[in-house]
Amino acid sequence: MSAAAFPDFRLGNVLATSFTGTLSERHGDAVERIPTPGRLVDWLGVSGLAVDSCTAAQLGRARELREAVHAAATAAASREALPASAVHVINDFSARGRAAAILTPEGERRWRLGSASGVEDALGVIAADAISVISGERDGRLALCASPTCQAAFFDTSQSRSRRWCDMNTCGNRQKKARFKANQSRTPRPGG
C-alpha cells in the first residue's frame, strides 16, 4: 500500500506529543496513522529518526510506548498523578535505547541510531523526549486539545500558554466551522 493511501501524519515541534498523535480522534472515530510497520518507518523518518525496517513486534512495542506517553502526558496536563504503569513503560524504553546525539556541521542536533536495534533506539529517543516534556524541563506546558473527539495532549509553547487545539489546521478549523455553521442556522435570513 502506498503512503498516499494512509492518513497524513500530524507533525508538531515536540517529538513525544507528535508520536502520541499517530493515533488521533481517540474519543471519536479513532484514526490510526501507523497501521503497519512500514508506516512506522515512514513516521520515524520524517521525525528525524530514520530506520531501515520495522517488524510487527516492534510496531506493537511502539504502540505500547505511544499509549504510555499519552497516558502520562494526559495525566500531567490534567495535573493528576502519573500512572505508575505508564511511567514504568516510558522509563524502560528510555533505558533500553542506545541512540547518540550528534552535532551537525550546521549546529543542529541529530540522532545516530544503532544499526541492529534502530527502532528500539528511536523509541528510546521518543521516551527520553517524553520524560523531558512531562517532567517540566522545557519552557511550555502540557495541555489537552479542546476538541471533544480529540483531547490529544500537546505541548503549548505559545507566549500566553493558552492554546486550545492540538492542531489549528484540523481540530481548530473543525471547531471554527462548527461554530460558524451553528451561528448561521440561528441568524435570521433577510426576507425570510
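A disulfide is counted here when two cysteine sulfur atoms lie within 2.5 Å of each other. By that rule, a search of the whole structure, which is a predicted model, turns up zero disulfides. Two cysteines are still worth a look. Cys145 has a relative accessibility of 4%, and because buried means under 20%, Cys145 counts as buried. Cys150 is buried too, at 2% relative accessibility.

**A pair of helices**

Let's move on to the helices. Helix 3 spans residues 56-77 and helix 5 spans residues 118-134; their axes are 11 Å apart and meet at an angle of about 0 degrees. Angles under 35 degrees count as roughly parallel, so helix 3 is roughly parallel to helix 5.

Which residues make the contact? On the helix 3 side they are Gln58, Arg61, Ala62, Leu65, Val69, Ala72, Ala73 and Ala76, while helix 5 brings Val119, Glu120, Leu123, Ile126, Ala127, Ala130 and Ile134.

Leaving aside residues up to four places away in sequence, Ala122 touches Leu44, Leu49, Val51 and Leu113. The C-alpha atom of Ala122 also lies 9.2 Å from that of Arg112, and these two residues are 10 residues apart along the chain.

Leu44, one of the residues touched by Ala122, belongs to helix 2 (residues 37-46), where Arg39, Leu40, Val41, Trp43 and Leu44 are buried. The buried residues of helix 2 pack against helix 1 (15-20), helix 3 and helix 5. Just after helix 2 comes Gly48, with a positive phi of about 80 degrees.

**A hairpin**

Strand 3 (residues 100-103) and strand 4 (residues 109-112) run antiparallel and are joined by four bridges. One of the pairings sets Leu103 against Arg109 of strand 4. Together the two strands form a hairpin with five residues between them, and Gly107 sits in the turn. Like Gly48, which has a positive phi, Gly107 has a positive phi, here of about 85 degrees.

**Buried residues with their values**

| Residue | Relative accessibility |
|---|---|
| Cys145 | 4% |
| Cys150 | 2% |

Conventions. Residues numbered from 1 in each chain as written. Predicted model: local features only at pLDDT ≥ 70, side-chain atom pairs only at ≥ 80, totals over all residues. Heavy atoms only, no water. Axes fitted to C-alpha atoms, helices over the stretch in contact; angles between N-to-C directions. Parallel < 35°, antiparallel > 145°, perpendicular 65-115°, else oblique. Contact = heavy atoms within 4.5 Å. Pairing = 2+ DSSP bridges. Buried < 20%, exposed > 50% of the residue type's maximum accessible area, 1.4 Å probe, protein only.
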